[in-house]
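Student: Can we go through the pockets of this protein together? Please show me the sequence and the structure.

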Amino acid sequence: MIKITLPDGSVKEFAQDVTPMDVAKSISEGFARNVISASFDGTTIETTTPLTTDGSLILYTWNDKEGKKAFWHSTSHVLAQALQEMYSGIKLTIGPAIENGFYYDVDFGDNKITDADFKAIEDKVLSIAREKHEFTMRSATKAEALEFYAKENNQYKTELITNLADGTITFCDHATFTDLCRGGHIPNTGIIKAMKIMSIAGAYWRGDEKNKQLTRVYGISFPKQKDLTEYLELLEEAKRRDHRKLGKELELFAFSQKVGQGLPLWLPKGAALRDRLEQFLKKAQKKGGYEQVVTPHIGQKELYVTSGHYAKYGADSFQPILTPNEGEEFLLKPMNCPHHCEIYNTKPWSYKDLPKRYAEFGTVYRYEQSGELHGLTRVRGFTQDDAHIFCTPDQLDSEFKKVIDLVLYVFSSLGFENFTAQISLRDKENRDKYIGSDENWEKAENAIINAAADKGLNTVVEYGEAAFYGPKLDFMVKDALGRQWQLGTIQVDYNLPERFDLTYKGSDNELHRPVMIHRAPFGSMERFIAILLEHTAGNFPLWLMPEQAIILSLSEKYENYAKKVLDLLENHEIRALIDNRNETIGKKIRDAEMQKTPFMLIVGEEEEKNGTISIRRHGQEGKGNVTITIEEFAAIVDEEIKKTLKVFTV
Ligand SMILES: [Zn+2]
Ligand SMILES: [Zn+2]
């Protein structure tokens, strides 16, 4: 008998050679029908692999990331088979599962493949899948494996096998098809019910442009047709919400090739939006005891040598700026922390003065290859909503909780309700790769774990994911389309206080090292606004909208009344504009809808006579307008803002 430990901690005994699928059936037949993949002691195995020793078994369904991976990996085998049967003389290379689906890199030889061929390939894949082939793993010697691909004249697989050690090589068979593979398949091809080729692209063998260019065929597959339909709809919606498209339509930001790639230009509306976000956070930070500081955009190279950033990132950064005469070397600031350490160092501190919390909307510059740049999410210059907290080890616990409160406040004010907190701790086996004493690490790790539990966060713990200088907490947010983004990070740091020789005098009159916390609830203004744009499709919370209302006059005759309304709105601190163009009201409404202005206030003869406005809400055509007074409208706006934007309390 062997003992199998399941993820809930329960231990069950089974006869030796029990398979993961047998274990699944012992739990329930219904569950077993959904199991598509398994891992044993951390290694992916087949659901049919006999288990011979005690160990931990995890059974995966389509709902698990690992389950999807097995599903997509298995589909890539079927795609390879379909391509091989449809095109003669092609050479297969590699075909892994990726975040959404899978790809296969293929040398198509003399064959041509275009979008027009996708449908036939998909049909072929599904017809093979319907035959319910099982995947069977078998070991091969290096010589056998080389011989197999020598017959096919496949230099790519031959190269892969040459780099593998004899005794580690396995093949996977299904139907009439064989591929070099390490394993991890679904029980049979019959559960692949929907498959689509998403695109084809050029890809160099092994990613090296000196090598031959292959064709990368991207695909995705699902256990239900409905899942594929939903996925394609989601992709369409993501395209409509693309922040680069919305940023242009809403006139928030732009890029200029003259200014340079990856350097966003904030247009007036975008700058106002950004400023509002900054003011919002500054106000909360002030309540939280932060002090605002300002530091330059460049720093002496020596500063980053001291911080260790130069040794680690120097070669991949913007290169030093030289002065014409004095022979000085400066770097564009890649992070604000070293500057803040030097602010801390401007005077001696006692434990009674701590914590010090220095905050700065600090603009930093990091070199990214031009091919990596993407809208506002990957740029070369961006502003962090940065702050560094210098505290005693005993204050870590309460400081951490305070930072979590602030992050949660930011998320709730901006409509991010769905998130998990990832706690990144040390690798237990490898403690010597981290700096700082064991005692301090334990304090910091416990501080994070306790703070997260205390705040009722939904957490996942990742061992070995901590930075070498300290543990961290990352907030992973799901947006309205179900995509996950990392927003907001809190990191404990023992390294920089050491490198910058930061001290404070303790109650024992001795000098001690403070602990440093790096934190940024938004992360970067650029990336945050991009994610917020895609999450809300440009319908920001009312308090943040560039214009909360637009006054649409029925004709030029009502210009004076429109101006009067605008004045009254300004008294109520409502941001509004007047559209007094000589256009039809229909055109004015359409344009305001495009700009996603939350309230359209229509003014004409009736309104002027009664001192009212006719309001119409964005996206609610056909609902009819409501005629109310300015006071009533101001109360509506006020109430809606109060619903999302609460006052930050500590
Ligand atoms: Zn495989
Ligand atoms: Zn920092």
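Tutor: On a 1 Å grid over the protein atoms alone, a pocket is an open set of points where a 1.4 Å probe fits, with protein on both sides within 12 Å along at least five of seven lines. Lining residues have an atom within 4 Å of a point. This is a predicted model, and totals for linings use all residues. Residues are numbered from 1 along each chain as its sequence is written.

Student: What is the volume of the largest pocket?

Tutor: Grid points are joined across faces, edges and corners, and a volume is the space filled by probe spheres set on the points. For the largest pocket that comes to about 1900 Å³.

Student: Which residues are the closest to its centre?

Tutor: The lining of the largest pocket holds 39 residues. The closest to the centre are Glu 99, Asn 100, Gly 482, Arg 483 and Gln 484.

Student: Which element gives the most to the lining of the largest pocket?

Tutor: Helices (H or I, at least four residues) and strands (E, at least two) are DSSP runs, numbered from the N terminus. Among the elements that give two or more residues are helix H3 (65-86) and helix H7 (225-240). With seven residues, the most comes from H7.

Student: How much space lies in the second largest pocket?

Tutor: Its lining has 49 residues, and Tyr 313, Met 335, Arg 366, Gln 384 and Gln 491 lie nearest the centre. The space in this second largest pocket is about 1400 Å³.

Student: Which element gives the largest share of that lining?

Tutor: Strand E21 (381-391) and helix H15 (495-499) are among those giving two or more residues. The largest share is six residues, from E25.

Technical notes:
Chains lettered and ligands numbered in written order. Predicted model: local features only at pLDDT ≥ 70, side-chain atom pairs only at ≥ 80, totals over all residues. Heavy atoms only, no water.
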